[in-house]
Amino acid sequence: MSGAEARGTGADDAERWTARLRLLSDVLHETGRFFHDEGFVQLLPVLLGASTDPLGPDPGSSILRTTEVDYLGQRLYLMNSMILHKQLAVRSLDRLWILSPNVRLERPERAATGRHLFEFTQVDFEVARATGAEVRGLVERYFARLGDALRDHPAFATLGAPVPRFRPPWATYSTHELESRYGADWEPPASRAHDQPFWALCHRREFYDREDPEAPGHFLNYDLVYPEGFGEALSGAEREWRPDRIRARIARDGIAPEPFRAYLEHVESLVPSAGAGLGVERLVRFLSRAPHVGDVQPFRRVPGEPVSL
Ligand code: ASN
């Protein structure tokens, strides 16, 4: 029995694929309207940079390596994320967002999670002088408005997926609470146990996420997690902007300084900010209830799968 028959919609695989891509297109349209109406400036993405996100230490990340390109004697890195560029751009732009393609060479085992790709796009945004709570409020407004805008979208009937009903404000937990309730690998069971997205605060990860000055060892960052087992939607943080703390954190993390040499030349002028990145394909996978996040890509980029085009 095919997936279409199993869900009883009568749509064949090609119709389902087309419906997902039309949904993705309309999600992008609504996303642009939302950030424009909230006063954000949209930047074009960069693909190569003299520095990029180290993606670690982070238990959620397992890339084989950061891709390097040697161009005219300069070493450049393919974007793992534009976080470091966001921190520099927000000094003068205050509220910015980017549809940012990222290349992350994930290990082939990651195919089985259903939510990892080695090339994907995030809605990446940053707000000068914002708090994490303000960013979480913005994200909740985004989802509420997206749900309203998509209410009559024909893709849900074609796909047999429920019409989204986001009801923020959402539950907020610390990772410590989640670990004690669901174990070290809390995300899958916690996601399955919820029927609305929820926030997980305080992850030990990259140097650019700000450590709580009142509680060392605690971090002013946040993930949004989808319900029903769909897992992580977004990650973000209040940023570390003090140069001495950034240098100390890079040293503490034991990561090679070379990819950050260019970034470190700019850190004296950083301003406090907060932001996040939301995976576009994961969002559309969740909305369309697709089995795998690769099912919402026009050209699949699933770890371990050969690339056909
Ligand atoms: N975009 C994320 C952020 O804003 C960083 C990432 O993708 N690693 O925190």
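S100 is buried, because its relative accessible area is 0% (buried means under 20% relative accessible area, exposed over 50%, partly exposed in between, with a 1.4 Å probe and protein chains only). S100 sits in strand β5, residues 95–103. Helices here are DSSP runs of H or I with at least four residues, strands are runs of E with at least two, and both are numbered from the N terminus. The model is predicted: local features need pLDDT of at least 70, side-chain atom pairs count only at pLDDT 80 or more, and totals for chains, interfaces and linings use all residues. Residues are numbered from 1 along each chain as its sequence is written, and side-chain values use heavy atoms, with hydrogens and water left out.

Setting aside neighbours within four places in sequence, S100 is in contact with P45, M82, F120, T121, Q122 and D124 (contact means heavy atoms within 4.5 Å).

## Around the ligand

The ligand is surrounded by 13 residues (near means that a heavy atom of the residue lies within 4 Å of the molecule or strand). The closest are D53, K86, R104, D124 and R239.

R239 places a side-chain N or O atom 2.8 Å from an oxygen atom of the ligand. For R104, a polar side-chain atom lies 2.9 Å from a ligand oxygen atom. Y208 faces nitrogen instead: a polar atom of the Y208 side chain is 3.5 Å from a nitrogen atom of the ligand.

## N80 in its loop

N80 belongs to the loop between β4 (74–78) and α3 (83–93). N80 is buried, since its relative accessible area is 1%. Not counting residues up to four places away in sequence, N80 touches T52, D53, L55, I63, T66, N102, V103 and R104. D53 and R104 are also among the residues closest to the ligand.

## R75 on β4

R75 lies in strand β4. R75 is partly exposed, because its relative accessible area is 43%. Its contacts, leaving out residues up to four places away in sequence, are A50, E68, V69 and E258.

The side chains of R75 and E68 form a polar contact of 3.5 Å. R75 and A50 are 25 residues apart in sequence, with C-alpha atoms 6.8 Å apart in space.

## Two cavities

The count is two cavities of 30 Å³ or more. On a 1 Å grid over the protein atoms alone, a cavity is a set of points where a 1.4 Å probe fits but cannot get out; lining residues have an atom within 4 Å of a point. Grid points are joined across faces, edges and corners, and a volume is the space filled by probe spheres set on the points. The largest cavity holds about 60 Å³. Its lining consists of F34, F35, V123, F125, L138, V139, Y142, F143, L234 and L278. Elements giving two or more residues to this lining are α2 (13–37), β6 (119–128) and α4 (132–150). The most come from α4, with four residues. By class, the lining has ten nonpolar, no polar and no charged residues (Ala, Val, Leu, Ile, Met, Phe, Trp, Tyr, Cys and Pro count as nonpolar, Asp, Glu, Lys and Arg as charged, and the others, Gly among them, as polar).

The second largest cavity has about 30 Å³ of volume. E30, F34, Y142, R145, L146 and A149 form its lining. Here α2 and α4 are the elements that give two or more residues. Again α4 supplies the largest share, four residues. This lining counts four nonpolar, no polar and two charged residues.

## Backbone exceptions

Most residues other than glycine have a negative phi, and most peptide bonds are trans. L72 has a positive phi, near 50°. L72 sits in the loop between β3 (68–71) and β4, and is exposed, because its relative accessible area is 75%. R129 also has a positive phi, about 60°, without being a glycine. R129 lies in the loop between β6 and α4.

The peptide bond joining P168 and P169 is cis, with omega about 5°. P169 is in the loop between α5 (155–159) and β7 (172–174).

Notes. On a 1 Å grid over the protein atoms alone, a cavity is a set of points where a 1.4 Å probe fits but cannot get out, and a pocket is an open set with protein on both sides within 12 Å along at least five of seven lines; lining residues have an atom within 4 Å of a point. A polar contact is a pair of N or O atoms within 3.5 Å; within protein, one must be able to donate a hydrogen and the other to accept it, and residues adjacent in sequence count only if both atoms are side-chain atoms.
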